[in-house]
Amino acid sequence: MNKKAFICLGIDNIGNNFCNVGLVRYLSTKYEIIYLAVSEKYYLSVKEFYPDLKNKIIYIVFNDSKIIKDEYSKNKMENYISNSDLYIDFIYKKKIIKKKDRIIPFITYTYLNLNPSIFWEYFYVPDTDESNKLFELIDNIKYAFIHSTYSQGQVFKINEIEKYLNISKDNTLIIDPNINHYNKKHKYYELANKFIYKNTILTYKKTIINADKLFLTDSSFFCLASQLNLKCKEPLLIFRYNNDLHYKRNIDWLNHKYLKKGLIRPKFKVIRK
């Protein structure tokens, strides 16, 4: 068997890449080689997902993820595409399936006539040395992990974090990978600062798993956390868009649709403003 698959999905953000982990790992059992298109911006993060598949995956790195905002240039990848037995493109998102029917994150699987349970069943991303080292900084410290932003701005602020989690940032360390919520004189400032802008998202894996409190927006961090065995028993989620359509497109994910018996995933409580 020397079958090859070319995958051009999720180039534009790291969250989509998390949603396609199950797909990539499933296809790696069916195809000898996976050509995986990825933006240069996210290459290091995505490569970290699949160290066990280094002999299976060939990364096709784009200099700029904006390439997928326009028409995807098949000529650029013609050699890979022409030699592939399966070609999966991103174009269907806008041209084939209506927005109201793009049920996140199962759209890719149903579009390919695959069992959507693959999303859950085949998900795996490894622990990393960097993740373990970062967590060692806060082992035995009570903390909340929050992610209050997405690519276009901030979704919720510190006062909402304290309100919904019923905590005070003075007594509970708040870790946010994008924002230090403390002033420079605060006792937690230096420690919180050590968690800002790490190179790859998997660096935060162990910190997310062991958080006493978790409060996220529907960003890449939620895409990761939704697949982990969390210590936090009631993680919270606020959607970036406060409308019924966005809620309905995500509800199957939140309700663990297609999750096979025996697999355990965290149940997020949605806060709707």
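The sulfur of cysteine 19 lies 4.1 Å from the closest cysteine sulfur, that of cysteine 223, which is too far for a bond. A disulfide is a covalent bond between the sulfur atoms of two cysteines. Here the term covers a pair of cysteine sulfur atoms within 2.5 Å. Cysteine 223 is in no disulfide. Across the whole structure, the search finds zero disulfides.

Cysteine 19 is buried, at a relative accessible area of 8%. Cysteine 223 is buried too, at 10%. Buried means under 20% relative accessible area, exposed over 50%, and partly exposed in between (1.4 Å probe, protein chains only).

This is a predicted model, in which local features need pLDDT of at least 70, side-chain atom pairs count only at pLDDT 80 or more, and totals for chains, interfaces and linings use all residues. Residues are numbered from 1 along each chain as its sequence is written, and side-chain values use heavy atoms, with hydrogens and water left out.

The predictor's confidence in each residue is its pLDDT, from 0 to 100. The protein chain has a mean pLDDT of 85, and 85% of its residues reach 70 or more. Among the chain's elements, helix 5 (residues 92-95) has the lowest mean, 51. Helix 11 (residues 205-209) has the highest, 97. Helices (H or I, at least four residues) and strands (E, at least two) are DSSP runs, numbered from the N terminus.

Now to a loop. Histidine 256 sits between helix 13 (244-254) and strand 11 (269-270). Its phi is positive, about 60 degrees, although histidine 256 is not a glycine. Histidine 256 counts as buried, at 16% relative accessibility. Tyrosine 258 is in the loop between helix 13 and strand 11. Tyrosine 258 has a positive phi of about 75 degrees, and is not a glycine. Tyrosine 258 is partly exposed, at 32%.
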